[in-house]
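Hi,

Here is the structure I promised to pass on. Have a look at it first, and then read on for what turned up.

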Amino acid sequence: MTTTFDPQAQAAQQAPAGIDPRGPQFAASLTAVVLVAVLLLPPAAALVLTAVQAALFALGATRGVQRTPHAWLFKTLVRPRLSAPTELEDPAPPRFAQAVGLGFTLVALVGYSIGLSAAGGVVVAQTAIGFALVAALLNAVFRFCLGCEMFLLFRRAAA
């Protein structure tokens with residue numbers, strides 16, 4: 001059996017596939033709900049939920065937003081009920097946005113850890129969660145991804 005070399009097929013396999021832009025918007029909606037819950041919970045419970053959200057951000061930042069539990073929920077429950085997207089989005093900017101969210105939740109984790117013994121840490125943690133919440137709400141409500149815009153600005157500055 002002989003195989004033929006098809007450069008277009010190989011390029012298609014190597015290039016990252018575009019993602020439905022409504023997927024990250026859906027994920028941002030779920031993230032916003034989690035972050036609101038974090039702000040409403042007592043510090044010990046907020047610490048645990050923040051750790052869960054940090055793990056989700058880490059997953060999105062390392063494996064890509066298309067390989068997260070949020071993406072699975074979107075593909076399984078939401079996407080089949082929608083029409084096909086008019087365009088696909090590069091997954092790199094949302095992946096960077098996940099890394100930014102991870103940064104905020106890591107700061108919050110440190111703050112909540114300190115806050116269990118000193119009051120100032122809770123303020124730091126809630127401020128970091130507040131920043132992440134604003135970014136998530138901008139994406140969820142207005143489809144404006146702040147982390148994605150930062151990615152594009154950094155990319156332009158590097159060019």
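Among contacts (heavy atoms within 4.5 Å) between residues at least 6 apart in the chain's sequence, 74% join residues at least 24 apart. Bear in mind that this is a predicted model, where local features need pLDDT of at least 70, side-chain atom pairs count only at pLDDT 80 or more, and totals for chains, interfaces and linings use all residues. Residues are numbered from 1 along each chain as its sequence is written, and side-chain values use heavy atoms, leaving out hydrogens and water.

The chain has 7 helices and 0 strands, taken as DSSP runs (H or I, at least four residues, for helices; E, at least two, for strands) numbered from the N terminus. Of its 159 residues, 34% are buried (under 20% relative accessible area, with a 1.4 Å probe and protein chains only).

Now the core. The largest nonpolar one (buried Ala, Val, Leu, Ile, Met, Phe, Trp, Tyr and Cys residues joined through side-chain atoms within 4.5 Å) has 18 residues, and Leu35, Val38, Ala108, Tyr112 and Ile129 have the most contacts inside it. Helices H2 (22-40), H3 (43-63), H5 and H6 (119-142) each give it two or more residues, with H6 supplying the largest share, 7 residues. Leaving aside residues up to four places away in sequence, Ala108 touches Thr50, Ala125, Ala128 and Ile129.

One helix pair to look at: H5 (residues 92-115) meets H7 (residues 146-158) through residues including Phe96 and Val100 in H5 and Met150 and Phe154 in H7.

Cheers

Methods:
Buried < 20%, exposed > 50% of the residue type's maximum accessible area, 1.4 Å probe, protein only.
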